[in-house]
Amino acid sequence: MAARRSFLFCSLLLLLALFVAPAQADEALPGKPEGTVASCFDGDTFKLSDRRVVRLAGIDTPELNKRDHKPQYYAREAAAILGAMTRGQKVQLRAAGKEAKDRYGRLVAEVILPGGESVNEAMLAQGAAFFYYHAGLNADLMQRLQNIQSQAISERRGMWAHILSLPQAQETYVGNRNSRRFFPSDSAESQKIKPRNRVFFGNLMDAFMAGYSPARTKKGSSLWPDA
């Protein structure tokens with residue numbers, strides 16, 4: 001009986017340890033945790049004076065430099081907003097998830113201005129960016145960004161007033177539960193999503209409010225309208 005009680009006690013301790021174990025820590029960013037912004041490539045990527053390139057974690061902005069195509073709607077505005085906010089500023093770089101760099105070698109970070117404001121949050125709050133999920137993103141940052149985006153959409157800030165007034169805003173969409181990307185419900189890409197991973201949205205706003213973002217196809221096209 002004593003052995004049985006000992007076994008049950010040890011099992012309980014093991015289960016308790018699993019529940020209270022700390023979440024996997026964010027991967028530390030290489031190099032100094034701060035830097036001065038030298039130039040901005042678009043609304044979500046900039047270069048520091050030490051030549052490191054930083055990608056704002058958890059957000060995306062309309063494409064500014066599309067090959068053989070004009071910029072997407074609000075791309076110029078988003079780039080201008082980021083430039084005015086950050087250029088020449090000494091910013092702090094915070095790890096934002098399990099991956100310190102993306103596949104292009106850019107640092108993926110939450111960026112903090114000298115006054116303590118998060119650039120990632122500010123871009124969403126002004127309606128100059130949309131939430132962009134990626135695997136390993138810090139859960140706290142993810143929730144903060146989604147909440148801020150919801151507020152910006154509700155108040156039709158920045159790009160949202162125009163985007164949500166377009167005819168396609170009333171069409172239906174299908175999201176992929178794994179990638180958190182969405183496609184028009186009548187597109188060939190949406191039909192390739194496995195049934196268990198499909199999420200249906202009655203309109204464009206529902207898809208964005210759920211934290212999904214427009215998918216880009218292999219050819220590089222996007223649901224986002226041109227300027």
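This is a predicted model: local features need pLDDT of at least 70, side-chain atom pairs count only at pLDDT 80 or more; totals for chains, interfaces and linings use all residues.
Me: Fine. Which side chain does Arg157 meet in a salt bridge?

Reply: Glu155, at 2.7 Å from N to O. A salt bridge here is a side-chain nitrogen of Lys or Arg within 4 Å of a carboxyl oxygen of Asp or Glu. Glu155 has a relative accessible area of 43%, so it is partly exposed.

Me: What about Arg156, what's its phi?

Reply: Near 55 degrees, a positive value in a residue other than glycine. Arg156 sits in the loop between H4 and helix H5 (160–163), and counts as partly exposed at 37% relative accessibility. For the labels, helices (H or I, at least four residues) and strands (E, at least two) are DSSP runs numbered from the N terminus.

Me: And the phi of Tyr74?

Reply: Positive too, near 70 degrees. Tyr74 is in the loop between strand S4 (59–60) and H2, and is buried with a relative accessible area of 13%.

Me: Switching to the sheet. In what order do the strands close into a barrel?

Reply: The order is S1-S2-S3-S6-S5, 5 strands with mixed pairing. On average, neighbouring strands of this sheet are turned by 60 degrees against each other, direction ignored. Axes are lines fitted to C-alpha atoms, for helices over the stretch in contact, and angles run from 0 to 180 degrees between N-to-C directions.

Me: Which way do S2 and S3 run, parallel or antiparallel?

Reply: Antiparallel, with 3 bridges joining S2 (residues 45–48) to S3 (residues 53–56). Two strands pair if DSSP finds at least two bridges between them. In that pairing, Lys47 has Val53 of S3 as its bridge partner.

Me: How many bridges join S3 to S6?

Reply: There are 3, and those strands run parallel. Arg55 has Val108 in S6 as its bridge partner. S5 (residues 90–95) pairs with S6 in the antiparallel sense over 4 bridges, and there Arg94 is partnered by Glu110 of S6.

Me: What does Arg55 meet in a salt bridge?

Reply: Asp44, at 3.6 Å from N to O. Arg55 lies in S3 and Asp44 in the loop between S1 and S2, so the pair ties together parts that are 11 residues apart in sequence. Arg55 counts as buried at 11% relative accessibility, and Asp44 is buried at 4%.

Me: On to H2. Which residues in H2 are buried?

Reply: Ala75, Ala78, Ala79, Ile81, Leu82, Gly83, Met85 and Thr86. Their cover includes S1, S2, S3 and helix H3 (119–125), where contact means heavy atoms within 4.5 Å.

Me: What comes after H2?

Reply: Gly88 follows, with a positive phi near 85 degrees.

Me: Last topic, the largest nonpolar core. Which residues touch the most other members?

Reply: Phe46, Leu93, Met123, Trp160 and Ile163, out of 56 residues in that core. Helix H4 (residues 139–154) gives the most to this core, with 6 residues. A nonpolar core is a set of buried Ala, Val, Leu, Ile, Met, Phe, Trp, Tyr and Cys residues joined through side-chain atoms within 4.5 Å.

Me: What does Met123 touch?

Reply: Leaving out residues up to four places away in sequence, its contacts include Gly43, Leu56, Ile59, Ala78, Ile81, Leu82 and Met85.

Terms used: Residues are numbered from 1 along each chain as its sequence is written. Side-chain values use heavy atoms; hydrogens and water are left out. Buried means under 20% relative accessible area, exposed over 50%, partly exposed in between (1.4 Å probe, protein chains only).
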